[in-house]
Amino acid sequence: MSLDNSLKASSKMRRSRNVLKRGERIAFLQGEDRWVAGQSPVGLPKVRVMKTVIGKKKKKTKKED
C-alpha cells in the first residue's frame, strides 16, 4: 500500500499551526492578560500564532581605501 503525499514528509510543512495545545493557549492568554485566575480551562478561545518572516541577509560589500 502506498503512502499519501500529504503524509510523507512532515518537515515540508513550514506553516504555522492554527490551533495550540491547551497549556500553550493558557500561557499565551496569561501573557495578554486575557486569562482570569480560577477560570475553567475548557472552552478556551482559539489563539492564532503568527509566523515570523526572516528576511534575507544583505551581502556585505568590501570598500577599498
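Which side chain of opposite charge is nearest to the buried Arg25, and how far away is Glu24?

## Basis of the model

This is a predicted model, in which local features need pLDDT of at least 70 and side-chain atom pairs count only at pLDDT 80 or more, while totals for chains, interfaces and linings use all residues. Residues are numbered from 1 along each chain as its sequence is written, and side-chain values use heavy atoms, with hydrogens and water left out.

## Arg25

The nearest side chain of opposite charge to Arg25 is Glu24, at 7.7 Å; Lys and Arg count as positive, Asp and Glu as negative, and His and the chain ends are not counted. Arg25 is buried and has no salt bridge. Buried means under 20% relative accessible area, exposed over 50%, and partly exposed in between (1.4 Å probe, protein chains only). A salt bridge places a side-chain nitrogen of Lys or Arg within 4 Å of a carboxyl oxygen of Asp or Glu.

Beyond its neighbours within four places in sequence, Arg25 contacts Leu20, Leu44, Pro45, Lys46 and Val47 (heavy atoms within 4.5 Å).

## Helix 2

Helix 2 spans residues 22-31, and its buried residues are Arg25, Ile26 and Leu29. Because these cover an arc of only 100° around the axis, they lie on the same side of helix 2; the arc is taken from the directions from the helix axis to the C-beta atoms. Gly23 and Gly31 are exposed on the other side. Helices are DSSP runs (H or I, at least four residues), numbered from the N terminus.

The structure holds one salt bridge, and Glu32 and Arg34 form a salt bridge through their side chains (3.1 Å, N to O). Glu32 is partly exposed at 39% relative accessible area, and Arg34 is partly exposed at 44%.

Terms used. Helices (H or I, at least four residues) and strands (E, at least two) are DSSP runs, numbered from the N terminus.
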